[in-house]
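Dear colleague,

Please find below the structure that I promised to hand over. My notes on what was found in it follow directly after.

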Protein chains: 2
Amino acid sequence: MQSAFFKLAKIIDFEKAQEFMKKQAYKAYSKKGEQIVEMNYKAIDVGANGLVKVDVDPSWAHLVDEVKVQQEVKYKGTPFVEAIAKPVNAARGDSLPVSVFNGYEDGTFEHGTTEYEKRGIGVMVPKWIEENCIQCNQCVFVCPHAVIRPFLINEEELEAAPEGVKVHALEAKGKEFKDKNMKFKIQVSSLDCTGCELCAEACPTKEKSLVMVPLGESLDAGEQENADYLFKKVTYKDDILGKSNVKGSQFAQPLFEFHAACPGCGETPYITLATRLFGESMMIANATGCSSIYGGSAPSTPYRKNDKGFGPAWANSLFEDNAEFGLGMHVANETIRHRIQAVMEASLEKAPNAIAALYKDWIEFRDDRVKSAQIRDLLVPQLQAHPSAAGADIILNLKQYLAKKSQWIFGGDGWAYDIGYGGLDHVIASGEDVNILVLDTEVYSNTGGQSSKSSRAGSIAQFTAAGKPSQKKDLGYIAMTYGNVFVAQINSNASAAQAIKAFEAAEAYPGVSLIIAYSPCIAHGIKGGLGKSGNQGELATKCGYWPIYTYDPRLEKEGKNPVKITGKEPDWSLYDEFLMNEVRYASLKKSNPEHAQELFNHNKKDAQRRWRQLNRLAQADFSNELEEA
Amino acid sequence: MQSAFFKLAKIIDFEKAQEFMKKQAYKAYSKKGEQIVEMNYKAIDVGANGLVKVDVDPSWAHLVDEVKVQQEVKYKGTPFVEAIAKPVNAARGDSLPVSVFNGYEDGTFEHGTTEYEKRGIGVMVPKWIEENCIQCNQCVFVCPHAVIRPFLINEEELEAAPEGVKVHALEAKGKEFKDKNMKFKIQVSSLDCTGCELCAEACPTKEKSLVMVPLGESLDAGEQENADYLFKKVTYKDDILGKSNVKGSQFAQPLFEFHAACPGCGETPYITLATRLFGESMMIANATGCSSIYGGSAPSTPYRKNDKGFGPAWANSLFEDNAEFGLGMHVANETIRHRIQAVMEASLEKAPNAIAALYKDWIEFRDDRVKSAQIRDLLVPQLQAHPSAAGADIILNLKQYLAKKSQWIFGGDGWAYDIGYGGLDHVIASGEDVNILVLDTEVYSNTGGQSSKSSRAGSIAQFTAAGKPSQKKDLGYIAMTYGNVFVAQINSNASAAQAIKAFEAAEAYPGVSLIIAYSPCIAHGIKGGLGKSGNQGELATKCGYWPIYTYDPRLEKEGKNPVKITGKEPDWSLYDEFLMNEVRYASLKKSNPEHAQELFNHNKKDAQRRWRQLNRLAQADFSNELEEA
């Protein structure tokens with residue numbers, strides 16, 4: 001554009017303007033590699049040479065955006081969405097009268113408001129080629145925005161479905177679906193998709209089952225109508241395969257969707273997964289950082305309730321106290337639950353038998369997330385039918401606390417390794433039943449890319465232009481020193497199965513659990529963009545950069561080694577390739593090759609040392625832990 | 001007194017008064033054990049029954065404290081001491097005009113002002129029985145206040161000595177003193193002694209070489225005159241045995257003395273030792289806590305210079321940022337030293353040969369604490385003689401930075417494990433050449449005794465009256481996870497030799513070093529008082545409560561195991577005895593025996609698990625670290 005402007009406006013000699021523009025492009029982009037500079041040069045040349053005169057029809061000044069009007073009608077939201085969310089999103093928030101916030105004085109915001117945004121920002125969106133599909137659901141697992149989902153459709157649901165669903169749906173594959181007469185369809189919500197391509201890249205079939213097509217083509221094919229039907233009218237049938245495997249877990253409803261994270265974000269698939277696994281019971285304390293922005297950018301709330309009205313409760317706290325904030329949520333909750341137990345114990349003899357039996361059950365299973373929710377579902381109607389039963393008034397008042405909550409503490413590495421670490425350590429030492437998820441991008445992402453203690457030697461960042469001189473802190477190993485903390489280092493691009501198992505084990509562990517999740521990020525500058533982060537993420541583990549493992553203290557108590565490493569011995573020969581695939585490393589090589597090589601060697605040697613230390617731990621004999629118990 | 005008052009005053013029925021007093025004593029002291037209650041009962045009885053009428057000579061109202069006047073003359077201090085320190089210590093600070101602070105506007109306080117206080121608070125002080133002494137210097141090592149010192153006295157010094165020195169000094173024992181014609185004397189500065197008895201308890205001879213006698217007896221025997229002569233006029237001959245052994249290290253001058261820590265303090269012997277080893281070069285950042293109070297309670301400064309004018313520079317920062325504060329001192333210092341190097345490099349060709357040679361030497365040895373100081377001693381006079389030599393003006397201006405500093409960061413466990421831990425971790429991760437000393441009392445001592453993450457299961461503290469439920473954090477193991485941090489866990493009562501070696505290795509290690517020092521404290525409530533902390537401290541390691549070890553990353557790089565445990569396998573049968581020797585544990589046993597036993601088992605099991613884990617590490621094969629190097 002700038003080039004075209006100077007060519008047309010002739011305010012200075014165009015040759016000179018071109019020279020200045022190229023000099024500036026070199027200055028701005030030479031650190032990002034020659035290729036980027038060349039692309040800029042080319043743009044400057046093309047901009048000036050490709051001028052075409054277009055005559056504009058004067059009536060265009062009065063065009064009406066019919067699609068937008070249609071959408072306004074079609075995706076009409078709740079009163080909150082219409083009165084607050086939409087005006088705020090349209091940058092008309094300052095025109096709202098205070099009175100519209102009536103009912104929201106306590107600062108809570110309505111859940112699941114992102115579904116009404118339908119931003120339509122994906123220039124290209126995936127198209128499902130059903131004849132190639134093996135129904136593995138891997139495309140769904142990697143989707144950062146939960147816009148592509150698999151559906152199991154029963155006869156009744158199929159009957160009411162749009163034509164597009166009927167035509168394209170496959171027979172559901174697998175012995176579990178035999179005689180169930182169910183159809184399977186992969187469905188993208190075209191207007192929610194950001195076009196990151198991760199799904200198409202992740203598709204494992206030889207002839208791809210997903211190809212990227214222009215948004216218009218997808219809409220013309222009626223995919224948005226299909227999505228509107230399937231996402232809202234077809235049930236999420238997650239009980240057939242269970243949630244403990246990649247395919248099965250993806251049939252569950254994500255309770256985190258359509259948020260504003262970068263297209264291809266490597267953090268959000270972990271959160272989506274967690275909400276599929278335990279979303280009904282989650283309470284989340286979220287540290288400041290990317291996850292607090294895409295997690296709740298007022299008025300958009302991507303966390304939502306399911307049809308039963310259950311979903312994550314979420315709040316954001318400061319960088320420096322989020323772990324404590326989450327611990328406080330948990331302690332407050334459990335304190336109220338101790339009170340419920342006291343009331344039940346005092347009421348056991350006085351309450352009717354059926355109710356007393358449920359009180360007993362609850363006291364026994366109050367720390368069991370699934371069972372306590374089942375008991376709640378039985379107990380609450382009983383108490384409502386017998387409001388004068390002993391304990392009924394208090395317990396009904398506290399009924400939201402009957403089901404065991406799954407307490408989570410989310411944050412990035414800037415929070416977990418640095419600014420919030422003092423508090424994180426305090427929580428880790430507490431022994432309380434909380435789960436911590438560290439979305440590790442190895443850099444302060446949201447603040448613009450500064451080094452954290454998670455960053456590695458040789459990576460460049462803001463204020464660390466010469467490459468970070470020191471090694472990465474081993475947060476997982478540090479947590480292991482406590483001996484009573486469940487620790488997992490995961491990388492869903494290397495093993496989605498290990499990631500799911502780690503989440504389930506962490507949630508079930510009755511103490512502190514810490515999951516450190518490798519999260520590709522735009523700040524990494526992956527060659528080809530975040531759409532290629534699947535392969536690069538896989539390489540991270542393969543080359544030894546990011547080993548994946550779990551440490552389960554319960555094994556130690558049984559006299560078994562508590563460390564379980566997933567995957568083979570790394571292929572260290574791939575290490576440099578991994579580094580050079582990312583601008584955070586490659587650019588230093590361009591600007592200061594010798595210094596860079598020194599730091600990269602440091603980087604690799606440190607990874608190798610960590611690997612050896614992890615193996616030393618994984619091979620140690622823990623049998624005397626049993627003898628001494 | 002109270003009992004006597006009620007007996008005499010008869011304002012209420014004495015039987016009733018006695019009953020109330022005993023009830024109150026029970027309420028106040030029953031948690032501290034029956035023995036304490038009984039002692040209070042006895043005091044109440046004796047107070048009333050032992051009344052003796054004493055007639056007071058009316059002239060006593062006009063007595064003059066002659067001793068005090070003599071002392072004022074004898075211990076006349078520097079202008080700072082006379083004009084500021086003494087009035088402030090006498091609680092007359094508010095009468096000082098602002099003008100007396102002229103020259104101290106930057107907040108620095110004069111070093112070594114405690115030597116003029118001569119508080120005379122030791123009711124009983126040690127008396128040396130020379131015929132029993134084996135000249136081991138162990139009494140000196142344990143002294144918290146550096147009031148008892150060993151002297152090597154040459155002929156000239158002996159000649160000028162007071163009679164008491166001449167009469168009592170022994171021939172210096174050991175092959176190193178053969179033909180040196182030197183005398184040896186253990187000397188206490190009676191008026192500086194607090195009477196804690198640690199020295200007498202530590203004396204290993206069968207017939208004790210130190211016995212406690214009333215202060216008056218010690219003064220009458222002229223010991224203070226002996227001390228005044230030996231402490232100030234006799235040189236500290238620390239080069240004969242070297243400082244790397246217990247006996248030899250104690251011939252060095254302590255540059256930390258006569259402070260106001262509790263009598264028998266278990267922290268201060270470590271600081272005294274450090275100043276004996278490297279005091280000339282130390283810069284100390286001190287976290288808030290006991291060590292910041294006894295380290296610098298204005299106007300008293302126990303840190304001092306030696307005869308050459310060198311001594312520790314000391315400053316206190318906040319609880320929450322002291323590690324960073326110390327790192328900042330180091331970085332600032334080294335930044336100036338980089339500048340010196342740049343100036344020298346630019347001046348190499350232009351400077352006279354002799355000076356250029358010293359510049360070269362300095363550039364080579366600038367990070368060698370001893371050599372860089374030697375080069376300074378040669379270079380500065382040369383530059384002063386040739387002020388126009390290249391670089392001379394700048395380097396003379398910066399001459400205080402020529403010698404490599406020994407940067408230390410001091411604090412207690414409240415700082416290191418809790419409040420300052422986020423920053424401590426940041427410094428540990430920095431890889432910079434700083435030394436961290438954690439004076440671990442396992443409780444917030446200075447603030448009145450609250451649990452820290454260093455406290456153990458079952459210990460009681462403020463707000464933890466029911467015993468701490470969770471285990472102690474393993475700070476040493478956490479630091480080891482970095483792989484490039486020198487770590488030592490020490491206990492001078494278990495092995496003074498290991499403590500000295502750890503200090504020397506930490507100081508020499510060119511990166512972060514962390515020393516965690518077991519420090520008996522009044523908050524422990526050791527049976528018999530802090531005077532008995534020597535045996536109890538020894539038991540701490542013997543029973544497995546506090547294993548001592550070093551972790552030296554340099555060994556790992558040589559393919560050797562980096563962990564070296566000192567001492568034998570613990571005798572776990574002594575564990576309960578250790579706990580029951582201290583009120584912090586014993587009192588819970590009294591108030592809630594079952595709960596206490598449960599927590600004590602937790603405490604012991606945790607210590608055993610840590611021991612096994614330490615051994616797993618100490619037995620692991622590190623030979624592949626060499627192959628891969």
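In chain B, R304(B) and E257(B) form a salt bridge, with their closest N and O atoms 2.8 Å apart. R304(B) sits in the loop between α14 (290-295) and β7 (313-316) of chain B, and E257(B) in the loop between α12 (246-249) and α13 (268-278), so the pair ties together parts that are 47 residues apart in sequence. R304(B) counts as buried because its relative accessibility is 12%, and E257(B) is likewise buried, at 2%. Please bear in mind that this is a predicted model.

Salt bridges also occur in groups. In chain A, D440(A), E442(A), R456(A), K472(A), E582(A) and R584(A) are joined into one network by salt bridges that share partners. Over all chains, a search of the whole structure finds 74 salt bridges. As background, side chains of opposite charge can pair when their charged atoms come close.

R337(A) forms a salt bridge with E334(A), and the closest N and O atoms are 3.2 Å apart. Both residues belong to helix α15 (residues 322-347) of chain A; because they are three residues apart there, about one helical turn separates them.

I turn next to the interface between the two chains. Here 33 residues of chain B are in contact with 33 residues of chain A. Together the chains bury about 2,800 Å² between them, and 48% of this area is on carbon and sulfur atoms.

How many salt bridges are there between chain B and chain A? The count is 10. One salt bridge between the chains brings together the side chains of E625(B) and R616(A), at 2.7 Å from N to O. Between chain B and chain A there are also 20 residue pairs in polar contact, counting pairs in which both residues have pLDDT 80 or more. On the side of chain B that touches chain A, the elements giving two or more residues are α19 (413-419), α20 (421-430), α21 (475-480), α27 (593-619) and α28 (623-627) of chain B. The largest share, six residues, comes from α27(B). By class, this side of chain B has 12 nonpolar, nine polar and 12 charged residues.

The side chains of E556(A) and R609(B) meet at 2.7 Å, N to O. This pair crosses between chains, from helix α24 (residues 553-557) of chain A, which holds E556(A), to helix α27 of chain B, which holds R609(B). E556(A) counts as buried because its relative accessibility is 3%, and R609(B) is buried with a relative accessible area of 13%.

Finally, I draw your attention to helix α17 (residues 369-385) of chain B. This helix has 17 residues and reaches 25 Å from its first C-alpha to its last, close to the 24 Å expected at 1.5 Å a residue. At the start of α17(B), a side-chain oxygen of D368(B) comes within 3.1 Å of the backbone nitrogen of V370(B). Within the helix, the residues S372(B), A373(B), I375(B), R376(B), L379(B), V380(B) and L383(B) are buried. The buried residues of α17(B) pack against α15 (322-347), α16 (353-365) and α18 (392-397) of chain B.

Yours sincerely

Key: Residues are numbered from 1 along each chain as its sequence is written. Chains are lettered from A and ligands numbered from 1 in the order in which they are written. This is a predicted model: local features need pLDDT of at least 70, side-chain atom pairs count only at pLDDT 80 or more; totals for chains, interfaces and linings use all residues. Side-chain values use heavy atoms; hydrogens and water are left out. Contact means heavy atoms within 4.5 Å. Buried area is the accessible area (1.4 Å probe) that two parts lose on being put together, summed over both. A salt bridge is a side-chain nitrogen of Lys or Arg within 4 Å of a carboxyl oxygen of Asp or Glu. A polar contact is a pair of N or O atoms within 3.5 Å; within protein, one must be able to donate a hydrogen and the other to accept it, and residues adjacent in sequence count only if both atoms are side-chain atoms. Helices (H or I, at least four residues) and strands (E, at least two) are DSSP runs, numbered from the N terminus. Ala, Val, Leu, Ile, Met, Phe, Trp, Tyr, Cys and Pro count as nonpolar, Asp, Glu, Lys and Arg as charged, and the others, Gly among them, as polar. The expected span of a helix is 1.5 Å times one less than its number of residues. Buried means under 20% relative accessible area, exposed over 50%, partly exposed in between (1.4 Å probe, protein chains only).
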